[in-house]
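Subject: Structure for you to look at

Hello,

Here is the structure I said I would pass on. Please open it next to this message and follow along.

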Amino acid sequence: MPEKKKISTFDDILTSVSSFGHWQILLYLVTCTLVIIPSTLQVIGFVFFAGTPRFHCVTPNVTCEDSKCCENCTEYWNLICDRAYAGANVQATYSAGMLVGSLVFGATSDFLGRRFCIYLCAILLVPAFAVGLFVAHYVFVLELVGPIHRTLADKVQSLFWCIGAGLIALLGYFIPHWRTLLLVCSFPPLLVFTLYAIFPESARWLAVKGHLTQAHVVLMTYASKSSLSVDSDSLKNELTEYYESEMESRVGVSKRTTFLELVSSQRLRKRTAILCFNWMIISMVYYGFLLYVTRLSGSPYLNLFLMYLSDVPTHIVCWLVLKKFGRRIPHSLMMILGGFTCLMVLAVRKDQKSAIAALAFIGRFMASGSFSNIYLYSSELFPTTLRNQGIGLCSTSARIGSIIAPYVVMLAQLPDLSSTLPMVIFGSLTVAAGFMSLLLPETLFCPTFQTVEEVNNDKEFYGTVCMGKPRPCPLPCLR
């Protein structure tokens, strides 16, 4: 009689049932459509809700550079130049709302469940809830699939973000009044309630919280709806075995997870600090470029559409690269190359607007890929018991970056300062974050850890990956 395979992680159970069956694929695609696209309308829409349009001086007999303040001009729109801080404050307040949502709803999702948090945020949608809706859903879909499909699940949902961004560019063009546009973008999140009867809780979250009967029902649904044969009693035994093993590993350790556990060990402290810094810089650059797009030559609506159209091949390429070359080195290289691209504006004359726009597009291309990568990388570095809180804390750091971004972009308006100064600031910080991320371990070959103890007991890998195979680190690595 063959020896029964030992269940050591929830990934073992999920893979034995259905790693990414037909029902999971349907849930994935439908929830991405009804959650990510509406979230994007709110998050990216702030470019049109609160962005600064192009402007020029209207004082007679005074000539100033477009979208640039000068001392001898006295007539401008009242939210630029000497009152530019007011427009930046509006943009920063919008991001501050998302900061609160990142912090609050990361914890809500870990304590009360991914499904509860998604529906709560959908019905109360404002900027704070928009980011909570997106973050809770992101963790849900990564927990929906087995480890072999995690990279695919991450990258495909990024394509839905591109669809939403293209839609907001289209809506912004046809709905010029920002109040009307905001109202139109506020209703789509409610469509997720059409799935209420069939939208399950994350089986992974249920299992780690000890709700084994509910986890069993969800997993059996995955199997039956995908026409897969799974023995119900064996699955119950596997879930019980897994949970008892988890409880044994946590003997003497507080079962209540809090934000403090993110800094409870040296490993988690290092991961949390580096990831938070990366998220802050990536978000600053990402949203900074969204605001900066109104200063580039050409239609801002077309520029925004083209920016996200270029993201489609970005996410496809990133999927292939992360699958074959791991997370650590590709993420770091993309950050470093993107930062140096921004710094290249120092070698371009200010009258070469097309060259500056091209560099901005390339820098934005890299920032978008990095944002997608860091979501996946972070979710693999945090355990299930802290994953939403970890992602929520990182997302909070990202909002700090997006709060700072309007003030950095505002520098381009001011007299005696170069209009390319924001890109120089973005580039310098991005390079620094890219080098810092080299201190994180590779996660391509790691299971999805459930608890802090599993993270602390893991043998971290700091080597490289080539065509899906691990290679030892050629240089001494800091740990």
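Below is what was found in it, going from the whole chain to single residues.

**The chain as a whole**

Please keep in mind that this is a predicted model. The chain contains 18 helices and two strands. Of its 479 residues, 57% are buried. If you take the contacts in the chain with a separation of 6 or more, 78% of them are between residues 24 or more positions apart.

**The core**

The largest nonpolar core is made of 117 residues. Leu219, Leu239, Trp279, Leu290 and Tyr308 have the most contacts inside this core. Helix H12, residues 266-292, contributes the most to the core, namely 14 residues.

Leaving out residues up to four places away in sequence, Tyr308 touches Ile44, Trp161, Cys162, Ala165, Tyr286, Leu290 and Arg364. One of these partners, Leu290, is also among the residues with the most contacts inside the core.

**Two helices that cross**

Two packed helices are described by the angle between their axes and the distance between the axes. For helix H2 (residues 22-43) and helix H10 (residues 212-225), the axes come within 6 Å and cross at roughly 105 degrees. Angles of 65 to 115 degrees count as roughly perpendicular, so H2 is roughly perpendicular to H10. On the H2 side the contact is made by His22, Trp23, Gln24 and Leu27, and on the H10 side by Thr221, Tyr222 and Lys225. Sorted by type, the residues of this contact are three nonpolar, three polar and one charged.

Helix H2 also holds Ser39. Is Ser39 buried or exposed? Ser39 has a relative accessible area of 1%, so it is buried. Apart from residues up to four places away in sequence, Ser39 touches Ala130, Leu133 and Phe134.

**A check on helix length**

Helix H14 (residues 328-343) has 16 residues, which at 1.5 Å a residue should span 22 Å. The C-alpha atoms at its ends are 23 Å apart, which agrees.

Gly288 is buried, because its relative accessible area is 0%. Which residues does Gly288 touch, not counting residues up to four places away in sequence? They are Ser283, Ala405, Val409 and Phe426. Gly288 and Met410 are 122 residues apart along the chain, and their C-alpha atoms are separated by 9.8 Å.

*Phe371.* Helix H15 (residues 353-381) is the place of Phe371. With a relative accessible area of 8%, Phe371 is buried. Not counting residues up to four places away in sequence, Phe371 touches Trp279, Ile282, Ser283, Tyr286 and Tyr287. Among these, Trp279 was listed above for its contacts inside the core, and Tyr286 is also touched by Tyr308. Ser283 is touched by Gly288 as well. Between Phe371 and Ala398 there are 27 positions in sequence and 9.9 Å in space, C-alpha to C-alpha.

*Thr314.* You will find Thr314 in helix H13 (residues 300-325). Thr314 counts as buried, because its relative accessibility is 1%. Setting aside neighbours within four places in sequence, Thr314 is in contact with Phe365 and Gly369. Thr314 is 155 residues from Leu159 in sequence, with 9.6 Å between the two in space, C-alpha to C-alpha.

*Cys466.* This residue is in strand E1 (residues 464-466). How does Cys466 count at 33% relative accessibility: buried, partly exposed or exposed? Buried means under 20% and exposed means over 50%, so at 33% Cys466 counts as partly exposed. Leaving aside neighbours within four places in sequence, Cys466 is in contact with Lys324, Phe325 and Arg471. Cys466 and Val321 are 145 residues apart in sequence and 9.7 Å apart in space, C-alpha to C-alpha.

Regards

Conventions
Residues are numbered from 1 along each chain as its sequence is written. This is a predicted model: local features need pLDDT of at least 70, side-chain atom pairs count only at pLDDT 80 or more; totals for chains, interfaces and linings use all residues. Side-chain values use heavy atoms; hydrogens and water are left out. Axes are lines fitted to C-alpha atoms, for helices over the stretch in contact, and angles run from 0 to 180 degrees between N-to-C directions. Helices (H or I, at least four residues) and strands (E, at least two) are DSSP runs, numbered from the N terminus. Angles under 35 degrees count as roughly parallel, over 145 as roughly antiparallel, 65 to 115 as roughly perpendicular and the rest as oblique. Contact means heavy atoms within 4.5 Å. Ala, Val, Leu, Ile, Met, Phe, Trp, Tyr, Cys and Pro count as nonpolar, Asp, Glu, Lys and Arg as charged, and the others, Gly among them, as polar. The expected span of a helix is 1.5 Å times one less than its number of residues. A nonpolar core is a set of buried Ala, Val, Leu, Ile, Met, Phe, Trp, Tyr and Cys residues joined through side-chain atoms within 4.5 Å. Buried means under 20% relative accessible area, exposed over 50%, partly exposed in between (1.4 Å probe, protein chains only).
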